[in-house]
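Reader: I would like to learn how to read a model like this one, feature by feature. Could we begin with the overall layout and then move to the details?

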Amino acid sequence: MKKILKDFSRNQKEVVPILHRVQTEYGYIPPESLPEIAEHLKISESEIYGILTFYKAFSLVPRGKNIVTVCMGTACHVRGGPQILDEMERDLEIKSGRTTADGNFTLESVNCLGCCAIGPVVVVNGKYYSHISVQKVGKLLKEYKST
Ligand code: FES
């Protein structure tokens, strides 16, 4: 943490960039890092918690190596989003919001990714997959099972 914080000034505006950096380094925001960040920026830990709650991109628990996000917004929902999420849960043997025991996958859902026309949409590690169907789920996940 000290090495990370050295790269940032003590300006409170640095809080989000610092959190991004910590998450990139550790894969999540270790709760024990919060007092050090708070001390560095001279802000309270509760202010940092507020930011962590506001930005869904931050996680206080370890996340998988591969982040699978299934869109459950209205347009994707009516085209089979729930069935795709069910199939993902079945294939990965975890519920949405959880990480596989081997740490390879975290499965999440989201309400609209802003590209409804190409739905149903699944995003893996930032890469968008359009027109996904239940039949395509196994092949899609297989791409990442060996990574
Ligand atoms: S509802 Fe899925 S991208 Fe908008």
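Reader: Which domains does the domain assignment of the chain give?

Author: This is a predicted model, and the domain assignment divides its chain into domain 1, covering 2-54, and domain 2, covering 66-145. The C-alpha centres of domain 1 and domain 2 are 30 Å apart.

Reader: What is the order of the strands in the open sheet?

Author: The open sheet has 4 strands in the order S2-S1-S3-S4, and their pairing is mixed. Strand S2 (105-110) and strand S4 (127-129) are at the edges with a single partner strand each, so one side of each has no neighbour in the sheet. On average, and with direction ignored, neighbouring strands of this sheet are turned by 20° against each other.

Reader: In what sense do strand S1 and strand S3 pair?

Author: Strand S1 (residues 66-71) pairs with strand S3 (residues 122-124) in the antiparallel sense, over 3 bridges.

Reader: Which strands does H6 lie across?

Author: Helix H6 lies across S1, S2 and S3, and it runs at about 155° to S1.

Reader: How should I read the packing of helix H6 and helix H7, and at what angle do their axes cross?

Author: The axes of H6 (residues 81-92) and H7 (residues 134-145) come within 9 Å and cross at roughly 40°. That angle is why H6 is described as oblique to H7, and the crossing in which H6 passes H7 is right-handed. On the H6 side the contact involves Gln83, Ile84, Glu87, Met88, Asp91 and Leu92, which meet Val134, Val137, Gly138 and Leu141 of H7. The residues of this contact of H6 with H7 comprise 6 nonpolar, 2 polar and 2 charged.

Reader: Which residues are joined by a cis peptide bond, and where is the positive phi of a residue other than glycine?

Author: As a general idea, most peptide bonds are trans, and most residues other than glycine have a negative phi. Here, a cis peptide bond with omega of about 0° joins glycine 119 and proline 120, and proline 120 is placed in the loop between S2 and S3. Cysteine 112, a residue other than glycine, has a positive phi near 75°, and cysteine 112 is found in the loop between S2 and S3.

Technical notes
Residues numbered from 1 in each chain as written. Predicted model: local features only at pLDDT ≥ 70, side-chain atom pairs only at ≥ 80, totals over all residues. Axes fitted to C-alpha atoms, helices over the stretch in contact; angles between N-to-C directions. Helix = DSSP H or I, 4+ residues; strand = E, 2+ residues; numbered from the N terminus. Parallel < 35°, antiparallel > 145°, perpendicular 65-115°, else oblique. Left-handed = near helix turned anticlockwise from the far one by under 90°. Contact = placed C-beta atoms within 7 Å. Nonpolar A, V, L, I, M, F, W, Y, C, P; charged D, E, K, R; others polar. Domains from an automatic or database assignment. Pairing = 2+ DSSP bridges.
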